[in-house]
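Notebook open, viewer open. I want to go through the sheets, the rings and a couple of single residues.

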Amino acid sequence: MPDLLSVYDFDRREADAYLSEASRMEALLKKGKPLKLLAGKITANLFFEASTRTNFSFQSASARLGAMPLSFHSGTSSEQKGESFSDTIQMMDGYADCLIIRHPQPGMPQLAAEIAGHPVINAGDGGNQHPTQALIDIYTIRKLKGKIDGLNVTLMGDLKHARAMRSLLHLLAMYGANVTLTSPRLLAMGPEVVLRARKDYGANIREASKPSFAKCDILYICRVQRERFADPDEAVRMSQEFRLGMAALRAAPKSMAVLHPLPKIDELPKEFDSDARAKYFEQAKNGVPVRMAILKRCCLGK
């Protein structure tokens with residue numbers, strides 16, 4: 001059965017298949033009927049890093065498909081006694097039919113896939129990749145706007161450390177969106193990510209030091225990831241420098257949708273949550289049908 005480790009591992013045809021399956025899952029959920037597509041299967045969430053949405057949406061997706069989710073947290077596991085990552089993976093591979101892994105170090109889900117006999121899903125590895133979040137984002141954008149090709153999308157915030165942004169940029173390029181990258185200079189998107197998107201898809205990507213929303217269809221903003229800074233004071237300074245106020249948001253187009261991978265800290269004002277353009281909680285909700293589609297494909301095949 002297939003792993004899902006990186007957005008670089010699948011093409012648009014496969015991405016379309018995930019999105020179509022997610023639409024089907026969402027329709028079935030709305031009918032309220034129990035699904036048994038993965039009855040008898042066990043999925044294991046192996047989270048070596050804190051998570052709310054990814055962890056619980058995968059658990060919810062597993063349960064709604066009729067599978068039994070197991071939850072592993074490194075803080076209460078034998079990792080505290082010195083058990084190696086390799087031994088943990090081999091052990092859990094004997095307990096579950098699918099391993100969902102989040103880890104603070106890049107490349108660990110890929111290592112797990114080399115060790116495990118069952119499918120491995122990357123639920124975020126350091127500042128590297130977050131392919132399931134990127135699929136949720138693309139699914140949400142298409143639901144909101146009816147298309148992706150030709151949309152003007154601004155990615156704003158800590159683009160250096162945000163794995164969701166790195167994965168999303170590649171999929172936006174794959175689907176033909178026009179992308180503006182807006183961040184402090186020290187938090188700019190890695191040039192290798194931008195170059196690959198341009199090389200693979202001829203992507204229209206520009207960089208800007210300050211946001212401009214005049215023709216923006218989608219604003220995707222993320223927090224400054226303080227946990228990935230060597231200097232905590234620098235992280236705080238960057239957080240204070242790059243946040244949006246209500247005045248800027250009120251001046252933005254009424255048709256603009258605002259997304260956020262969450263958690264949000266202070267980069268958006270709390271009062272914006274009630275604005276009709278705030279779509280990030282809807283985006284988080286979409287995580288369940290999209291991850292249902294991913295689990296179905298990984299556990300059952302294409």
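**Ground rules.** I am looking at a predicted model, where local features need pLDDT of at least 70, side-chain atom pairs count only at pLDDT 80 or more, and totals for chains, interfaces and linings use all residues. Residues are numbered from 1 along each chain as its sequence is written, and side-chain values use heavy atoms, with hydrogens and water left out.

**Confidence.** I checked pLDDT, the predictor's confidence in each residue, from 0 to 100. The protein chain averages 91, and 91% of the residues score at least 70. Where pLDDT is low, the predicted coordinates should not be read in detail.

**First sheet entry.** Helices (H or I, at least four residues) and strands (E, at least two) are DSSP runs, numbered from the N terminus. Two strands pair if DSSP finds at least two bridges between them. I traced an open sheet of four strands, ordered E2-E1-E3-E4, with parallel pairing. Its edges are strand E2 (68-73) and strand E4 (120-125), each pairing on one side only. From one strand to the next, the twist averages 15°; axes are lines fitted to C-alpha atoms, for helices over the stretch in contact, and angles run from 0 to 180 degrees between N-to-C directions. Strand E1 (residues 42-47) is joined to strand E3 (residues 98-103) by five bridges, and I found Thr43 partnered with Cys98 in E3. Helix H3 (residues 85-93) lies across E1, E2 and E3, at about 155° to E3; contact here means heavy atoms within 4.5 Å.

**Another sheet entry.** Five strands make an open sheet in the order E7-E6-E5-E8-E9, with parallel pairing. I noted strand E7 (204-208) and strand E9 (257-259) as the edge strands. The twist averages 20° from one strand to the next. Strand E8 (residues 218-221) and E9 pair over three bridges, with Val258 in E9 as the bridge partner of Leu219. Helix H6 (residues 163-174) lies across strand E5 (152-156), strand E6 (178-182), E7 and E8, at about 165° to E5.

**Rings.** I got four aromatic pairs; rings of Phe, Tyr and Trp (its six-membered ring) pair if their centres lie within 6.5 Å, and planes under 30 degrees apart count as stacked, over 60 as edge-to-face and the rest as tilted. Phe10 and Tyr18 are edge-to-face, because their planes stand at 70°, with centres 5.9 Å apart. Phe48 and Phe85 form a tilted pair, 5.4 Å centre to centre and 55° between the planes. That pair links distant parts of the chain: Phe48 sits in the loop between E1 and H2, Phe85 in helix H3, 37 residues apart. Both Phe48 and Phe85 are buried (under 20% relative accessible area; exposed is over 50%, partly exposed in between, with a 1.4 Å probe and protein chains only). Ring pairs link Phe48, Phe72 and Phe85 into a cluster.

**Glu49: buried or exposed?** Glu49 is buried, at 18% relative accessible area. I placed Glu49 in the loop between E1 and helix H2 (53-64).

**Tyr201.** I found Tyr201 in helix H7 (residues 191-201), partly exposed at 32% relative accessible area. Not counting residues up to four places away in sequence, Tyr201 touches His170, Ala173 and Met174.
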